[in-house]
Amino acid sequence: MVTATTKAAKAVIKKGSSAKAKPAKAAAAKSAAAKPAAPKKAAAAKPAAPKKSAVPSKPERLEMFRRLAEYHSDAHCELDHRNAFELLCATVLSAQSTDVAVNKLTPALFERYPTAADMAKAKPEDIEALISRIGMYRQKTKSLLALAEGIVTNHGGEVPRTLEELTKLRGVGRKTANVVLGVAFGTPEGVVVDTHVQRISQRLGWTKNDEPITIEQDLCALLPKSEWDHASHVLIFHGRRVCKAIKPDCEACPVNDICPSAFDAELVGRKAGRAR
Ligand code: SF4
């Protein structure tokens, strides 16, 4: 008995035989066409490019800030101080040092030199002895003496209240000046961009820039002026407690559903390793 399957099989065989009977020219053409394509050149091995954050929309960025500010509701300047002069000195001392280390030595420093006038008259070796436990203490001693002298000579002993005047003091850059303006006077002229603010802003996709000044411009454009000082503390708290340079704790982060670097942040916003 010839089943349907047998019929179908025969039809396939017949079709195959007719293909074999094609003229030689056509067969050759087909054979050429059927030639396997030359293997593609293997893609050149590129060095892994640093991961770039996507850019979330402005409402998403503002939502991230709202949540981070809520999460770090106790965010504040962690340098101990009682007035603008002490904050200025503490901030100068904090360059390349931790706030904790600075807070350990400033009580003795400020007890001995409570005002700019007192510090301007100090002997360098006396200040050095008080701050020698932190890095670059000789350089920082020179800065403290010069800035105290500048405050006495040019500002009647009072810490000036503008970015322009502050940054004319020795050892006082834009970042230090904005710390003093924001924290001591409540009149920031920008956002403080330290290593934490830089890294977190890049990871959150708030900036594509690498330079503090352009990152600051991006942050100032994003946030209302009333938040400039607060924002830097929030981002610094987040950088110290959650979004650390190595092993950021994305699991615990309140913005892990909208952060473009979530669970993949290690290479974003970190300084390139030094060539050895
Ligand atoms: S989700 Fe991760 S990378 Fe993004 S801000 Fe939070 S801790 Fe940082």
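Student: Which residues does the UniProt record mark with the feature "binding site"?

Tutor: The unreviewed UniProt entry places that feature at Cys-243, Cys-250, Cys-253 and Cys-259, and in this predicted model they gather at one spot, because no two of their C-alpha atoms are more than 11.2 Å apart although they span 17 residues in sequence.

Student: What makes Cys-259 count as buried or exposed?

Tutor: A residue is called buried if 20 or more other C-beta atoms lie within 10 Å of its own, and Cys-259 has 26 of them within that distance, so Cys-259 is buried. Cys-259 sits in the segment after H13 and, when residues up to four places away in sequence are not counted, touches Met-64, Arg-203, Leu-204 and Cys-253.

Student: Why is Cys-250 called partly exposed?

Tutor: Cys-250 has 17 other C-beta atoms within 10 Å, and since the limits are 20 or more for buried and 12 or fewer for exposed, the value falls in between and Cys-250 is therefore partly exposed. Cys-250 lies in the segment after helix H13 (228-241), and its contacts, leaving aside neighbours within four places in sequence, are Asn-256, Ala-262, Phe-263 and Ala-265.

Student: How do you know which residues come nearest to the ligand?

Tutor: Of the 14 residues around the ligand, Cys-243, Cys-250, Cys-253, Cys-259 and Ala-265 come nearest, and by class the shell holds 10 nonpolar, 2 polar and 2 charged residues.

Technical notes
Residues numbered from 1 in each chain as written. Predicted model: local features only at pLDDT ≥ 70, side-chain atom pairs only at ≥ 80, totals over all residues. Near = placed C-beta within 6 Å. Nonpolar A, V, L, I, M, F, W, Y, C, P; charged D, E, K, R; others polar. UniProt positions renumbered as here; feature names shortened; annotations may be inferred. Helix = DSSP H or I, 4+ residues; strand = E, 2+ residues; numbered from the N terminus. Contact = placed C-beta atoms within 7 Å.
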